[in-house]
Amino acid sequence: MADPKTEPVVPAATPHEPVAVTPAPASTSPPTDTAPDTTMEPKAAQQQGEAPGGAEEPAASTKGSPTPPKAIDIDQTQPQDFDGELATTNELPSPGTLSKIENYTVLDRHGKTHTFQSLYSGRNVARRVLVLFVRHFFCGSCQEYLRSLSESITPDALLRLPISTFVVVVGCGDPALIDMYVETTKCPFPVYTDPTRSLFEELGMVKTLAMGPKPAYIKKSMTKIVIEGIGQALRFAPSGLALKSGDSRQVGGEFLFEPLDVVTPMTTPRDVQHMTAGSLDHPGQDHGPVEAKRVTWCHRMRTTRDHAEIPEMMEILGLDGQGEPIRDKTRWSKAVEIRKGTGLSLAGQMSQLSEADAKAS
């Protein structure tokens, strides 16, 4: 006869529980000359939400009440998608990260490759360079951002700063769409692309489809933005570029590259005043002396409409004013007051330089 301690058919009474006799499970097999498998029966009972009674059980067994399924262990160290706002940080990239990505390649509007470092350091490159990472090229929200930014931050305004400063835009779509992007946004600054999104990933920009609150830099309605984006994609359907604008889930950010010190042996490029939308197709020719740079300020988007607002961008660049106000006073007041990025740019030291020059003259 089988050992009664291993027969989980009828739960035994315990001093702490009332006696409850229940029918044997349907899966109970008739008695045999061999003892039942004591490792399988408790597992079956647990799957049915039943405790195996007063029989002695291993330490891992449950005690009388059903337990929820064990959570699946998912590695989220490199998450790909989010349902809501990104749980990212604005930690400045380390010197090791910058060293790792300096030779990553980006493409210009002709499809020619350039090292990422050549965008912010080298011959004929401004000493301070703000790199704007945008979403896919059909993203109407990012297009609105560049329109608003271009109205307040112009090449002429940057030329008046005591240290040469410039702006570069990096997307993630096909380079054949860059001309359309520049035309649509009226962007006076050069646009490049990183179709592999390697720079986005290494610099901590991840993915989301959450829109978040409407920022001050967006002036159009969301309906109009969506319709215009669909129209742009349909225009490029015959050429096969409609689905090559970039990953729609990828979000961007802003990174300010500045020299280690205001006073360095490097001089401001003589022809920096001629830098326009098309003149940086060959930035520094990827050759020549390179001034050491670091990221002194940065911001990573948490939603698809989360670029740093224009007043903050003008502040970290050292420009006067707060940009062009919008009619919505509530959104504009938030744009003026809230600061999204992290770091300390050379804007303060530049202001001191300007004051010293004014006194000297």
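## Close-up views of a predicted model

View 1. Leu234 has its place in helix α8, which covers residues 222-235. The structure shown here and in the views that follow is a predicted model. Leu234 has a relative accessible area of 58% and is therefore exposed, since exposed residues are those over 50%. Together with Val226 and Ile230, Leu234 makes a nonpolar surface patch of about 290 Å².

**View 2. The covered helix α9 and the glycine that follows.** Helix α9 runs over residues 310-317 and is mostly covered, as seven of its eight residues are buried. These buried residues are Ile310, Pro311, Glu312, Met313, Met314, Ile316 and Leu317. Just after α9 comes Gly318, whose phi is positive, at about 90°.

**View 3. Packing of helix α4 against helix α6.** Helix α4 spans residues 140-152 and helix α6 spans residues 178-185; the two pack at an angle of about 55°, and their axes are 9 Å apart. This angle makes α4 oblique to α6. The crossing that α4 and α6 form is right-handed.

**View 4. Packing of helix α4 against helix α9.** Helix α4 also packs with α9, here at an angle of about 45° and with the axes 10 Å apart. The two helices, α4 and α9, are therefore oblique to each other. Their crossing, that of α4 and α9, is right-handed.

**View 5. A salt bridge inside helix α4.** The structure holds 14 salt bridges, and one of them joins Glu144 to Arg147, with the closest N and O atoms 2.9 Å apart. Both Glu144 and Arg147 belong to helix α4, where they lie three residues apart, about one turn of the helix. An α-helix has 3.6 residues a turn, so residues three or four places apart point the same way. Glu144 counts as buried because its relative accessibility is 4%. Arg147 counts as buried because its relative accessibility is 18%, the cut-off for a buried residue being under 20%.

**View 6. The salt bridge between Arg197 and Asp247.** The side chains of Arg197 and Asp247 meet in a salt bridge, at 3.9 Å from N to O. The pair links distant parts of the chain, the two residues being 50 residues apart. Arg197 is in the loop between β5 (191-193) and α7 (198-202), whereas Asp247 is in the loop between α8 and β6 (253-259). Arg197 and Asp247 are both buried.

**View 7. The network of salt bridges around Arg197 and Asp247.** Salt bridges link Arg197, Glu201, Lys207, Asp247 and Arg249 in a network.

**View 8. The salt bridge between Arg331 and Asp328.** Arg331 and Asp328 meet through their side chains in a salt bridge, at 3.1 Å from N to O. Arg331 counts as buried because its relative accessibility is 17%. Asp328, with a relative accessible area of 32%, is partly exposed.

How values were computed
Residues are numbered from 1 along each chain as its sequence is written. This is a predicted model: local features need pLDDT of at least 70, side-chain atom pairs count only at pLDDT 80 or more; totals for chains, interfaces and linings use all residues. Side-chain values use heavy atoms; hydrogens and water are left out. Patches are made of residues with over 30% relative accessible area and no salt bridge: like charges are joined within 9 Å, nonpolar side chains (Val, Leu, Ile, Met, Phe, Trp, Tyr) within 5 Å. Accessible areas come from the Shrake-Rupley method with a 1.4 Å probe; for residues, only the protein chains shown count as cover. A salt bridge is a side-chain nitrogen of Lys or Arg within 4 Å of a carboxyl oxygen of Asp or Glu. Helices (H or I, at least four residues) and strands (E, at least two) are DSSP runs, numbered from the N terminus. Buried means under 20% relative accessible area, exposed over 50%, partly exposed in between (1.4 Å probe, protein chains only). Axes are lines fitted to C-alpha atoms, for helices over the stretch in contact, and angles run from 0 to 180 degrees between N-to-C directions. Angles under 35 degrees count as roughly parallel, over 145 as roughly antiparallel, 65 to 115 as roughly perpendicular and the rest as oblique. A crossing is left-handed if the near helix is turned anticlockwise from the far one by less than a right angle, and right-handed if clockwise.
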